[in-house]
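Student: Could we walk through how the pieces of this chain meet? I would like to begin with helix packing and then turn to charged side chains.

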Amino acid sequence: MMNYTIKQNVAVVRPNYPLSDGQDAAKLINAVRFQTGCTSMLMDRSAFVPELFTLSSGVAEQVLKPFIQSKMRLAIVGDFYDCYQTSMRDFIFGCNRGDQVGFWENEQEGLALSLIHISEPTRPL
């Protein structure tokens with residue numbers, strides 16, 4: 001179902017297939033909690049279907065909702081340049097100001113901010 005490593009008490013997860021809905025997300029969260037005991041995950045942008053990054057598709061809400069409901073912190077890392085001119089930009093900014101889900105440029109940034117508290121982006125979008 002997934003490959004993972006533990007870095008600084010954060011599960012760095014690489015699912016075998018892109019997450020496309022809430023059921024996929026819930027299964028992954030349960031597996032990570034059971035196998036690692038971690039309450040924070042870091043995943044690459046490629047671990048999600050591309051539709052997640054088109055806010056109007058509704059996929060972002062479906063996939064991210066289980067993370068919030070189960071209090072599993074999530075850092076998504078990758079290049080979000082294509083989101084800068086869309087409503088997804090505001091969604092990313094809002095998530096980065098919260099404490100459950102964050103979108104970051106690279107793994108080091110995602111790990112550092114997962115450890116202290118997913119709060120402010122290190123650079124404006």
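**Packing and salt bridges**

Tutor: Helix H1 (residues 22–36) and helix H2 (residues 59–69) pack with their axes 7 Å apart, at an angle of about 30°. This is a predicted model, where local features need pLDDT of at least 70, side-chain atom pairs count only at pLDDT 80 or more, and totals for chains, interfaces and linings use all residues. Residues are numbered from 1 along each chain as its sequence is written, and side-chain values use heavy atoms, leaving out hydrogens and water.

Student: Is H1 roughly parallel or roughly antiparallel to H2?

Tutor: Angles under 35 degrees count as roughly parallel and over 145 as roughly antiparallel. The angle here is about 30°, so H1 and H2 are roughly parallel.

Student: Which residues of H2 make the contact?

Tutor: Contact means heavy atoms within 4.5 Å. H1 contributes Gly22, Ala25, Ala26 and Ile29, and they meet H2 at Gln62, Val63, Pro66 and Phe67.

Student: Which residues are linked with Glu107 in a network of salt bridges?

Tutor: A salt bridge puts a side-chain nitrogen of Lys or Arg within 4 Å of a carboxyl oxygen of Asp or Glu. Glu107 pairs with Lys7 at 2.5 Å, N to O, and with Arg14 at 4.0 Å. The network partners of Glu107 are therefore Lys7 and Arg14.

Student: Is Glu107 buried or exposed?

Tutor: Buried means under 20% relative accessible area and exposed over 50%, with partly exposed in between (1.4 Å probe, protein chains only). Lys7, at 32%, is partly exposed. Glu107 has 19% relative accessibility, so Glu107 counts as buried.

Methods:
Axes fitted to C-alpha atoms, helices over the stretch in contact; angles between N-to-C directions. Helix = DSSP H or I, 4+ residues; strand = E, 2+ residues; numbered from the N terminus. Parallel < 35°, antiparallel > 145°, perpendicular 65-115°, else oblique.
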